Amino acid sequence: MKKLVAFFATAMLLTTPLLVSNTAHAQQLLDRVVVVVDDGVVLQSQIDQLVQQVKASNNFNSANAPSDEVLETQAIERLILQEIQLQMADRMGIEVNDSQLEQAINGIAQEQNLSVDELRQKMADNGISWASYRENVRNEITIQQVQRAAVQQRVSITPQEINNLVKLIDSNQSTQTEYRLGQILIAADSNSSQSELEKAKERAETVLRLLDEGSDFSDLAIRSSSGSAALDGGDMGWMTINSMPTLFAEAVEGKSAGEVVGPIRSGVGFHILKVQDKRGEQTVEVEEVKARHILIQPSVILSDNKAKEMLNNFREQITSGEKTFEELAKEHSSDPGSASRGGDLGWARPDKYAPEFKEKVETIAVNTISEPFKTQFGWHIVEVTDRRTTDATDESKQERAYQMLFSRKFREELDNWQQEMRDQAYIRRVAE
């Protein structure tokens with residue numbers, strides 16, 4: 001209780017604008033609290049920065065832009081949800097280290113065909129500091145981890161569901177088509193009165209009319225949508241029929257790029273969807289290697305050096321023809337699964353193996369015995385006896401079916417979970 005009282009005392013102090021005097025004794029507004037969210041706050045500087053980022057994004061059309069007031073309202077809603085989830089991350093002990101952050105930023109730069117330095121300059125040109133940008137990316141990764149941890153346990157998928165979807169994929173090639181959807185959500189939950197529902201439907205029909213008259217979908221999403229992707233112009237990304245919410249799938253299946261459908265009534269309101277683009281699915285090909293190895297595990301009586309020395313000796317015996325790989329594997333290998341087969345590991349994808357082993361089988365030439373190397377299991381020598389590229393489309397159907405079902409159910413549960421978290425949170429707007 002004392003902690004809560006102290007927090008609100010601090011929060012109330014922050015509602016008064018913070019001031020600083022320069023050499024001319026002028027006063028400059030630094031920051032202020034706009035919303036109290038549980039044990040945290042949303043600051044005006046955060047809102048201004050998010051609005052600035054939206055204006056700098058590719059989805060923003062400055063010629064037909066919504067007012068700053070509309071953008072600020074959307075920004076506040078996103079930041080409230082962000083703050084709730086970041087506080088949950090703290091309670092769950094979720095942290096994103098610098099290595100994970102750098103990897104993510106490198107990926108973002110590559111997607112935009114930029115170097116990291118060029119991405120940094122792009123942010124500077126848009127008035128966004130690099131430190132702020134890095135922190136925003138870190139927050140996004142953190143929130144994704146929170147969502148996975150909290151929502152995936154709410155998703156249940158049975159083997160029968162997977163098998164049914166695999167059969168559907170086999171019989172219906174159209175399920176391989178991917179749709180890039182845009183969404184405008186006019187909020188109206190199941191507890192809304194009939195009058196509120198009618199008003200929400202009228203708003204949705206007004207949006208449809210504006211779209212028919214040529215208004216830009218992204219601009220209308222920013223202005224009007226209550227969806228979580230509103231500030232991204234309503235962009236929901238690429239989805240197949242089987243990975244999007246069922247209501248959406250029924251509405252957009254077979255539709256062409258550019259078509260708009262809706263309004264679609266759901267438990268959270270009226271949805272207007274646009275098929276931004278479509279693309280077909282590509283065949284999956286993977287490289288497999290056929291390898292064999294000899295494993296020597298160090299022990300109290302067998303040092304690392306001795307294990308490595310043994311493998312060097314085995315390698316010389318095989319090279320000279322004194323012994324065969326198969327004979328030595330059967331006699332000496334510590335891997336019970338392959339020793340009886342002369343060290344044969346069969347056909348496998350390299351990523352099945354430990355990182356050091358994977359690197360070896362990917363890089364050594366066929367019918368060449370590697371130098372001794374160490375993994376978490378001990379010391380090895382390995383020989384790749386063959387390589388092949390296989391069509392993994394059929395093999396991956398079960399995995400793809402699972403991912404499609406998971407994606408669909410995850411999206412549905414994520415919306416429900418976020419609404420529950422918001423309903424349970426203490427949220428108070430601070431008067432100016």
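User: In this predicted model, is Phe-406 buried or exposed?
Analyst: The relative accessibility of Phe-406 is 19%. Buried means under 20%. Phe-406 therefore counts as buried.

User: How does Tyr-402 count by its relative accessibility?
Analyst: Tyr-402 has a relative accessibility of 33%. Values under 20% are buried and values over 50% are exposed, with partly exposed in between. So Tyr-402 counts as partly exposed.

User: Which helix holds both Tyr-402 and Phe-406?
Analyst: Tyr-402 and Phe-406 are four residues apart, about one turn of the helix. The helix covers residues 397-424. Its name is H15.

User: How many aromatic pairs does a search of the whole structure find?
Analyst: A pair of aromatic rings is described by the distance of the centres and the angle of the planes. The search of the whole structure gives a total of five.

User: What kind of aromatic pair do Tyr-353 and Phe-357 form?
Analyst: The ring centres of Tyr-353 and Phe-357 are 4.9 Å apart, with 50 degrees between the planes. Stacked needs planes under 30 degrees apart and edge-to-face needs over 60. The pair of Tyr-353 and Phe-357 is tilted.

User: And what kind of aromatic pair do Tyr-402 and Phe-406 form?
Analyst: For Tyr-402 and Phe-406 the centres are 6.1 Å apart and the planes are at 20 degrees. Planes under 30 degrees apart count as stacked. The pair of Tyr-402 and Phe-406 is stacked.

User: Which side chain is joined to that of Thr-375 by a polar contact of 2.7 Å?
Analyst: Thr-375 is found in strand E11, residues 373-375. With a relative accessible area of 6%, Thr-375 is buried. Leaving aside neighbours within four places in sequence, the residues in contact with Thr-375 include Ala-354, Glu-356 and Phe-357. The side chain joined to Thr-375 by the 2.7 Å polar contact is that of His-380.

User: Which strands stand at the edges of the open sheet of three strands?
Analyst: The order of the sheet is E4-E3-E13, with antiparallel pairing. A strand with a single partner strand has one side left without a neighbour in the sheet. The strands at the edges are therefore E4 (40-43) and E13 (427-429).

User: Which residue in E4 stands opposite Val-36?
Analyst: Strand E3, residues 33-37, is joined to E4 by four bridges, and the two run antiparallel. Opposite Val-36 stands Val-41.

User: Which helix lies across E3, E4 and E13?
Analyst: The helix covers residues 68-92 and runs at about 40 degrees to E3. Its name is H3.

User: How far apart in space are Ile-184 and Leu-220, C-alpha to C-alpha?
Analyst: Ile-184 is found in strand E5, residues 178-187, and is buried, with a relative accessible area of 0%. Leaving aside neighbours within four places in sequence, Leu-220 is one of the residues in contact with Ile-184. In sequence Ile-184 and Leu-220 are 36 residues apart, while in space the distance is 7.6 Å.

Methods
Residues are numbered from 1 along each chain as its sequence is written. This is a predicted model: local features need pLDDT of at least 70, side-chain atom pairs count only at pLDDT 80 or more; totals for chains, interfaces and linings use all residues. Side-chain values use heavy atoms; hydrogens and water are left out. Rings of Phe, Tyr and Trp (its six-membered ring) pair if their centres lie within 6.5 Å; planes under 30 degrees apart count as stacked, over 60 as edge-to-face and the rest as tilted. Buried means under 20% relative accessible area, exposed over 50%, partly exposed in between (1.4 Å probe, protein chains only). A polar contact is a pair of N or O atoms within 3.5 Å; within protein, one must be able to donate a hydrogen and the other to accept it, and residues adjacent in sequence count only if both atoms are side-chain atoms. Contact means heavy atoms within 4.5 Å. Two strands pair if DSSP finds at least two bridges between them. Axes are lines fitted to C-alpha atoms, for helices over the stretch in contact, and angles run from 0 to 180 degrees between N-to-C directions.
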